[in-house]
Amino acid sequence: YSLMSIKYLARKLSDDNPEEFVEILEQLTTVLDNENIHTPVLVNLVICIAELTAALKVRAISILGQFVPIVLRLMVVKENDPSAFLLLYSTTTALLRVIETVPLFLSPYLVHMITQLTRLGPGLKLLNDSKIAPTMAKITKIWTALAQLVPTRVLIPAIDEVYDRIIQKEQYKSVEPLMDFLFEIFQHVEGKVIKNYQSELTEFFLKAMTFRCDVEFSEVNEIEFNVIRALVALIMKLSEGSFRPLFESVFTWAIRDEPDNFNRAITFFRLTTEVSAALKSLFLLFASELIDVAGPLLDKCNPSKEEHVEANLYLTEFILRTLHNIFLHDHQNFINSHRFDVIMQPVVDQIENEQVVESEKMQELVRLSVAQLAVAASDDILYKQLNYQVLMKTRSENAAQRIFGIKVCVDMAKKLG
């Protein structure tokens, strides 16, 4: 009860008697470092120190160097220990209180703090215990508080360092909460602030997008999704003039530097799928070179076109998704005669791609893409070429391919009315 009394007295009297409460805070923080404290006492002690910190505000800065590392050390997941859940909840509550009170004085502890939080989230999710729900809610509030209250100029280098540590220690599941944190930051920061750190962020995301190339991990698709989600959130805050150099850097990294690297191409076209869906017709301003590389890549992934090629259905899927978005939002005759000639045949030839024929999802995607290309074709001559090539596929010796070709013809007719 003494700790509770101190907490409530601090709320009422700390403004008038700051020196006395600072002394009490220093003494309690020293006691906290004792490893022999029983968990119930420890829970109340952590909360009491956090409340004192909140009451004293900047006067409590002197104890942060001792208090924050201890709190982070206590933030561990212990299964089948009810008292451990209570301690974890109290430490997350205390950390949130500190962040809300003195966010501008946390830079020395940010790397350790973010690292610990990225480890904690995936571990808690694995427990599948109803007791962790309040703690998960607190962790979500901590991420939001950090994103909103700590300056971006401080967060970006800390996140970069945390990512390097995660990769070095092969704690790959921690990448997901780290990218979710970046997404949260971009939701709250203004575009003009982001522009000041665009070069650092570009370098960071180019590093993060090599995850598929550098790491053997079963959940690479899920991790990559979170990287791309964060990057798209960044892109949505940029002006056209700011986005163009970023897109050029990514395009160079993925296509120009290593044109035969399918892993980089997958990451790139997963990104363009999301960006083209978000920017809609605005994306066409940046898509000219993309069209030029998409056609040859589709051919490289199509076993029916060349022998001894690396058939890659995953890459094919995201190239087609990107192209479908381009066709869908083309209201300005972007698909002119030249671009049509580059892309039409590789797209139509997917009708003969055995991997596509065997997948209902991929068949649906090809049908949507060809039908939308028919709409985007800028004149009747182009449409007639497309229609002729699709009809040729209906003469295939393979019955499944013939049926597929007929379905594409029907979709084209429906789309054009």
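Colleague: Let me begin with D164: is it buried, partly exposed or exposed?
Modeller: D164 counts as partly exposed, at 35% relative accessibility. Please keep in mind that this is a predicted model.

Colleague: Which side chain does D164 meet in a salt bridge?
Modeller: The side chain of K207 meets D164, at 2.9 Å from N to O. K207 lies in helix α11 (residues 198-208) and D164 in helix α8 (residues 152-168), so this pair ties together parts that are 43 residues apart in sequence. K207 is partly exposed, with a relative accessible area of 28%.

Colleague: And which residues are linked with K207 in a network?
Modeller: D160 and D164 are linked with K207 in a network of salt bridges. As a general point, side chains of opposite charge can pair when their charged atoms come close.

Colleague: How many salt bridges does the structure hold?
Modeller: There are 21 salt bridges in the structure. One of them joins K173 and E219, whose closest N and O atoms are 2.7 Å apart. K173 lies in the loop between α8 and α9 (175-188), and E219 in the loop between α12 (211-214) and α13 (220-235), so the pair ties together parts that are 46 residues apart in sequence. K173 is partly exposed at 36% relative accessibility, and E219 is partly exposed with a relative accessible area of 29%.

Colleague: What about R367, which residue does its side chain meet in a salt bridge?
Modeller: R367 meets D411, with 2.5 Å from N to O. Helix α20 (residues 360-376) holds R367 and helix α22 (residues 399-416) holds D411, so the pair ties together parts that are 44 residues apart in sequence.

Colleague: Is D411 buried or exposed, and why?
Modeller: D411 counts as buried because its relative accessibility is 16%, and buried means under 20%.

Colleague: Let us change topic to the aromatic rings. How many aromatic pairs are there?
Modeller: The count comes to 16 aromatic pairs. One of them is F204 with F205: the ring centres are 5.4 Å apart and the planes stand at 75°, so the pair is edge-to-face. Both F204 and F205 are buried. In the case of F243 and F286, the ring centres are 4.7 Å apart and the planes are at 85°, so that pair is edge-to-face.

Colleague: Where do F243 and F286 sit in the chain?
Modeller: F243 is in helix α14 (residues 240-256), while F286 is in the loop between α15 (262-279) and α16. The pair links distant parts of the chain, 43 residues apart. F243 is buried, with a relative accessible area of 3%, and F286 is buried, with 9%.

Colleague: Which residues form one aromatic cluster with those two?
Modeller: The cluster is formed by F243, F247, F251, F268, F269, F283 and F286.

Colleague: Which ring does R229 lie over?
Modeller: R229 lies over the face of F183, at 3.6 Å from the ring centre.

Colleague: Now I114, please: what does it touch?
Modeller: Not counting residues up to four places away in sequence, I114 touches W143, A158, I159, V162, L178 and F181. I114 is found in helix α6 and is buried, with a relative accessible area of 0%. The C-alpha atoms of I114 and W143 are separated by 8.8 Å, although these residues are 29 residues apart along the chain.

Colleague: One last topic, the backbone. What is the phi of K57?
Modeller: K57 has a positive phi of about 55°, although it is not a glycine. K57 is found in the loop between α3 and α4 (64-74) and counts as partly exposed, at 48% relative accessibility. N333, which is not a glycine, has a positive phi of about 55°. N333 is placed in the loop between α17 (313-328) and α18 (337-348), and counts as exposed at 51% relative accessibility.

Note on methods:
Residues numbered from 1 in each chain as written. Predicted model: local features only at pLDDT ≥ 70, side-chain atom pairs only at ≥ 80, totals over all residues. Heavy atoms only, no water. Phe/Tyr/Trp six-rings, centres within 6.5 Å; stacked < 30°, edge-to-face > 60°. Buried < 20%, exposed > 50% of the residue type's maximum accessible area, 1.4 Å probe, protein only. Helix = DSSP H or I, 4+ residues; strand = E, 2+ residues; numbered from the N terminus. Lys NZ or Arg CZ within 6 Å of the ring centre and 35° of its normal. Contact = heavy atoms within 4.5 Å. Salt bridge = Lys/Arg side-chain N within 4 Å of Asp/Glu carboxyl O.
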